[in-house]
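Open the model in your viewer and keep the selection tool at hand. We will go stop by stop.

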Amino acid sequence: MITKAIVGAEPGRTAAVQGTRPAWWKALRETWEAPPMSVARVGVQHLILHASDVEIVRTALGGVGASLGLSFELDRSDGEIVLLDADVMTHMSPQLVAAFKEGRPTVLVCGLRAGRGLSPAARVAQVRQQLRRQLSRVSVVRERSPRRAAARRAPGVVDLPRADQGSTARRTSHPGHEAHVDALRGASGAGPLVDRLAQGEGQVLQRAAQGWRHLDAPPLLATYGSDAHLRFDFRTRQALCDPKAMQFLCAQHEVPQPAAHVWPGADACVHPLDLAIWHLGIAGAGHPLDGAPDDWWNLPWRACAVAVTTAERCTRVPSHLDIVRRLAAGPVTPASLRCQGQVSATDLRRVLQACLMLGLATWVTPGAAAGPA
């Protein structure tokens, strides 16, 4: 009926329409006549306060879902993905952000407040572009999207590593590590750019861990890009961070790059140094664990006496706190923690990295005392 209405509306132009059919008519007919398909759904829990902004995001998500062959369901309290308004997040503590996320992948929407003067169509297009770029890199989206799966199967297409993977496979030191830490799989052949970025991230992690142990270490300057700078002052035990930098660190779990000539702006906030280094460790889980031996997976670990109280200051994620408490009650091996089924491999490696960087836990070498070094 739709075909007849369109063609019959202008009978004098039938020949012209037929002449253009090879370019668009076939795809249109396939869309109308295609049998109904079950579309995979992905739940999204949001933290957006203004009702009009919620509707803009909901419409933008619909467009992103259509392009990926998925249905994004907003307002799901048990959503698999967390969506945060960047303006709202600026006024939240990192602990509260972590508690809201509960270890789930997170996407950010920037400029909702500033864009309220634009037309609804312009706002939707702006938000859709942000969400499309971020959601296409989330593992649950990649796994369920039939269109991304078809693109990966196309001849000559090489799937690039996800943002949450980096080049983990090449950086991991333990040869049997991938059999256990199944949530952190890397892609080979990521290229020299990824290698350089990974090297810079490793330098930031190493210098932060060393600075925590040595008060006389020079300040560490790092950046995520424009208006997203950090300065770690090891003498004062404080970190000065731009709001956008804290979004990348605490919500996106990304490690910054070292930078020699950057400085946080006038709206930067001061955070306790242990809080910033904890989140660096959480973000740096894909890098080799700080100083750990090759067989760290099967060595007993134990946390120090202040580990639990320090972790409780830095995070409210229940699974992360549970890991620290189990380490404090140890010694216990990471392999046994994983086999108990109480923690995910991703959370386990994140917490171990954070604890190592802050000196809160370490492995117990054979014949050594049953406490951290």
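Select residues 81-85 to start. This is strand β3, and 5 of its 5 residues are buried, so the strand is largely enclosed by the rest of the structure. Keep in mind that you are looking at a predicted model.

Now show the side chains of β3. In a regular strand, side chains alternate between the two faces of the sheet. Which residues of β3 lie on one side, and which on the other? Ile 81, Leu 83 and Asp 85 are on one side. Val 82 and Leu 84 are on the other. Both faces are covered, and all of these residues are buried.

Select residues 40-47, which form strand β1. β1 and β3 pair in the parallel sense, over 4 bridges. To find one of the contacts between these strands, click His 46: its bridge partner in β3 is Leu 83.

Then select residues 106-109, which form strand β4. β4 also pairs with β3 in the parallel sense, over 4 bridges. Click Asp 85 this time. Its bridge partner in β4 is Val 109.

Move on to a helix. Select residues 345-357, helix α16. The helix has 13 residues. From its first C-alpha to its last, α16 reaches 19 Å, close to the 18 Å expected at 1.5 Å a residue. Is α16 mostly covered or mostly uncovered? Mostly covered: 13 of its 13 residues are buried.

Cys 355 counts as buried, at 0% relative accessibility. Where is the closest cysteine sulfur to that of Cys 355? It is in Cys 304, 8.2 Å away, which is too far for a bond.

Jump to Cys 241. Its relative accessible area is 1%, so Cys 241 is buried as well, the cut-off being under 20%. The closest cysteine sulfur to that of Cys 241 is in Cys 250, at 8.1 Å, again too far for a bond. A disulfide is a covalent bond between the sulfur atoms of two cysteines. With the sulfurs required to lie within 2.5 Å, the count here is 0 disulfides.

Finally, zoom out to the whole chain. There are 16 helices and 11 strands. Of the 373 residues, 45% count as buried. The accessible surface comes to about 18200 Å², and 56% of that belongs to carbon and sulfur atoms. Among contacts between residues at least 6 apart in sequence, 73% join residues at least 24 apart.

Notes:
Residues are numbered from 1 along each chain as its sequence is written. This is a predicted model: local features need pLDDT of at least 70, side-chain atom pairs count only at pLDDT 80 or more; totals for chains, interfaces and linings use all residues. Side-chain values use heavy atoms; hydrogens and water are left out. Buried means under 20% relative accessible area, exposed over 50%, partly exposed in between (1.4 Å probe, protein chains only). Helices (H or I, at least four residues) and strands (E, at least two) are DSSP runs, numbered from the N terminus. Two strands pair if DSSP finds at least two bridges between them. Contact means heavy atoms within 4.5 Å. Accessible areas come from the Shrake-Rupley method with a 1.4 Å probe; for residues, only the protein chains shown count as cover. The expected span of a helix is 1.5 Å times one less than its number of residues.
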